[in-house]
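Open the model in your viewer and follow the stops below. Each one says what to select and what to look for.

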Amino acid sequence: MSGARGSAASPPAEVVARLREAWAALQRRQPTAAREAALAATRLAPDAFDAWRLLAVAEQGLGRSDACILALQHALALRPDDAGTALDLGTALLQSGDARAARTLLQQAMRTLPGDARAAFRYGTACYALGEMEQAAQGFAAATVRAPDWAEAWNNLAAALGQRQDYPAAIAAARNAVRLQPQAAPTHHALAALQSNLFDTASLREGLASVQRALALARDFADAHRIAAILHRKLGDPQRAERHAREALRLAPQDPAAVDTLGEQLLINGRPAEAASTYESALTRGVDTPVLRRQHGIALLQDGRTGAALEALDRALRQATDDQRAIAHLGVATALEHGAARADALLGLHRHVHRIALPAPDGFADAEAFHRALADDIRHHSRQRWEPAGLAARNAYLSGDLLADRTAAIAGFEQRLRAAIDAFIAGCRRDPDDPFLRNVPRDYVLHVWATQAAESGYIDTHIHEESWLSGAYYVTVPDAIGPEDPTHAGWIEFGRPYAGLPAVEAAALRLECPRAGDLLLFPSYLFHRTLPYRGDGERISVSFDLAAA
């Protein structure tokens, strides 16, 4: 805590004596005596700023956080512009769990103490606790500028940027933390955890090297084993993934993430009964979350126990009404147990898939000119990747964040897309009984990417778990794809579940033929895939996810 400083007007001699007595007691590490002297000073001179500041220091030394906060509030009321008091009060409030009250004071301190890394760091900490990741990143970034060798600031900056899914910047920050603390297992683990969110092989291999370093430094680091499992899974080594997942759960049997990592890996490895048992065991010992309930239901569904799966998935969805994966699998269980009509009534397969003709943006002679420009921008996109590891693209390119390249065609497309989305949301009426319409967002964030596929390229069955609305816009459609084709080559199909799940009847499916210039909107929970085709030309499309902000 910052020290007291002299008052503008000299206090009475008796007050000065009490202040000196309090200060001397603090120097002797006698907070009780300091408190008595400072308290006497506040009674003699209630407007003595230094008395309240010394009282706050004494109260803090005695572990009386509420009294410390009260004394600091008195001091700040006397000098509202005192940055040191704002910092100390904000810190005390933050430590007491009141991040919202702390944030404003710490922001004031950060602005008025431009060289103080602590103020920026604590502001970032308050914002992080409130879920305000953009502001948290700003605070931690300011702390790294003010104190470039502060590893914890770099580590927290990486965490905030990771929460915003700004993985390139987050990984750069995490690398700085590793550079500053090369012998600290948590820094290597944090870097690996960020890289585990990526899909290109080089990043995944670097992540694996990072987590292996973490485990060399701390072999019983449970979450490092969990991240190792995820990285091995994405790199196509399911057996090593399972071994690390088992070790993570052995070391942290009450960690829901460790339970889920092993359960998920057992499902991938084709052992749904064992996966269901893993989830059941965790639930029995009190490790109970909506995610584990949902995953238990999925394991039961894959194991052919449809009735039990239906019950488990329904319970999970009641606990987390926006869980897209729970909705998707509940639809499959409903179709198997009660038929396609009941599943359609639940999911809205035929009422929530919409086709919209998107007009070409301004600045282009016509739709054909716009599509030529957009297709060329996608082919040459700075983040274009071939068949990224762990994603659904097969024999196809994905662009990553399409909006990262601000060409005229991409910017124009974004404008038209947002206008169409806003109009769609404005027309949605909330319905608490509809899994889609009960979660209509007020504000949203948008992630946009492009797919470029030629003959035999396709997107395998998937859903979009972290969003509410998804869509596909068709830029180029080859002549080999047409509305009269009875085989539906190149079409998009909705409703068919993953290969590991029981098949549903044909009535539970919906197929749409792509057409250049059309935008398809659909709930993110709908299973969907694109079918391969044979023939010349490319199918280039733009996809998006929309999640509540």
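The expected span of a helix is 1.5 Å times one less than its number of residues. Helices (H or I, at least four residues) are DSSP runs, numbered from the N terminus. This is a predicted model: local features need pLDDT of at least 70, side-chain atom pairs count only at pLDDT 80 or more, and totals for chains, interfaces and linings use all residues. Residues are numbered from 1 along each chain as its sequence is written, and side-chain values use heavy atoms, without hydrogens and water.

**Stop one: helix 15**

Select residues 256–268. Helix 15 has 13 residues and reaches 18 Å from first C-alpha to last, close to the 18 Å expected at 1.5 Å a residue. Of its 13 residues, 10 are buried (under 20% relative accessible area, 1.4 Å probe, protein chains only). Among them are Asp260, Glu264 and Gln265. Now show the cover: it includes helix 13 (222–234), helix 14 (238–251), helix 16 (272–284), helix 17 (290–302) and helix 19 (324–338).

**Stop two: Ser196**

Go to the loop between helix 11 (185–195) and helix 12 (201–217), where Ser196 lies. Its relative accessibility is 7%, so Ser196 counts as buried. Beyond residues up to four places away in sequence, Ser196 touches Leu204, Ile227, Ile230, Leu231 and Lys234 (contact: heavy atoms within 4.5 Å).

**Stop three: helices 2 and 3**

Select 31–44 and 49–61. Helix 2 and helix 3 pack at about 155°, axes 8 Å apart (axes are lines fitted to C-alpha atoms over the stretch in contact; angles run from 0 to 180 degrees between N-to-C directions). The pair is therefore roughly antiparallel (over 145 degrees).

Notes:
Helix = DSSP H or I, 4+ residues; strand = E, 2+ residues; numbered from the N terminus. Parallel < 35°, antiparallel > 145°, perpendicular 65-115°, else oblique. Buried < 20%, exposed > 50% of the residue type's maximum accessible area, 1.4 Å probe, protein only.
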